[in-house]
Amino acid sequence: MRLTDRIVVVTGGAGGIGAALGRRFAAEGATAVVLADLDADRVRAVADGIGPAVHPVAVDAADAEQVTALVADVERRYGRIDLFCANAGVATGQGLDAPDADWERAWRVNVLAHVYAARAVLPGMLARGEGHLLHTCSAAGVLTAVGDAPYTATKHAALGFAEWLSITYRDRGIRVSALCPQGVDTPMLADGLAAGHLGARVIAASGAVLTPDQVADVTVAGLAEERFLILPHPEVADYARRRAEDPDGWQGALRRMVARLGPDA
């Protein structure tokens with residue numbers, strides 16, 4: 001996937017990784033980058049700050065009808081979608097006692113939004129015999145998110161769904177990539193740290209906190225190489241190997257880190 005002259009859609013585009021992807025895709029020469037987000041004012045401001053190739057739209061990525069309408073509108077305007085980035089996501093900072101409403105919101109945004117995007121965009125891609133799906137799944141999908149049970153469960157599901165898509169459709173021209181960063185300097189992490197959430201403190205203590213632009217740089221390289229797992233933090237691959245080889249030891253190391261950091265503030 002080269003970005004020059006491509007038509008791209010990015011959900012969760014009003015800030016963080018989504019906004020950085022929009023900036024980088026435009027710099028790479030995309031014909032059009034459609035940034036979608038619930039926050040119409042913020043996504044418009046982001047688009048205005050990037051340039052004429054970027055077009056903002058107010059869309060709830062967890063609403064199937066809105067996503068279907070978004071895809072239909074982009075295909076009507078530009079004839080196709082080359083790359084769809086299902087990037088919207090939510091964290092809860094809660095454990096087993098998280099209210100059902102928070103579990104349901106995490107499920108809708110972190111998993112079903114990916115399903116809705118694939119359902120809407122795959123028919124056009126399959127008809128052309130090419131297309132690329134990028135799903136932001138987080139390192140939590142590969143490992144775990146200490147202190148956030150809904151985030152952990154739904155990000156594992158998101159990664160599993162991305163893998164299923166890749167296995168099912170790659171031989172029909174569809175490439176699938178799962179973007180799995182660890183600590184990124186976004187409002188999600190900043191808000192968690194400000195609230196004293198254990199999970200955010202574990203992330204901050206686990207390695208480098210990258211900027212969204214650094215994540216976007218790695219993403220562009222991963223798309224060019226058509227990698228399934230895009231890991232802005234290479235150490236995540238090492239953690240995953242340790243987890244697979246010695247799950248008890250890996251869990252023990254995490255428990256010791258949790259004991260050292262203490263419970264939520």
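Two strands count as paired if DSSP finds at least two bridges between them. Helices (H or I, at least four residues) and strands (E, at least two) are DSSP runs, numbered from the N terminus.

This is a predicted model, in which local features need pLDDT of at least 70 and side-chain atom pairs count only at pLDDT 80 or more, while totals for chains, interfaces and linings use all residues. Residues are numbered from 1 along each chain as its sequence is written, and side-chain values use heavy atoms, with hydrogens and water left out.

**The sheet**

Strand β1 (residues 7–11) pairs with strand β4 (residues 83–86) in the parallel sense over three bridges. Within this pair, Val8 stands opposite Leu83 in β4. Both strands belong to an open sheet of seven strands with parallel pairing, in the order β3-β2-β1-β4-β5-β6-β7. Its edge strands, each pairing on one side only, are β3 (54–58) and β7 (229–230).

**Salt bridges**

A salt bridge is a side-chain nitrogen of Lys or Arg within 4 Å of a carboxyl oxygen of Asp or Glu. By this rule there are twelve salt bridges; the table gives examples.

| Pair | Closest N to O |
|---|---|
| Glu28 and Arg24 | 2.9 Å |
| Asp82 and Arg80 | 3.0 Å |

Shared partners join Arg6, Arg80 and Asp82 into one network of salt bridges.

Buried means under 20% relative accessible area, exposed over 50%, and partly exposed in between (1.4 Å probe, protein chains only). Asp82 is buried at 2%, whereas Arg80 is partly exposed at 26%.
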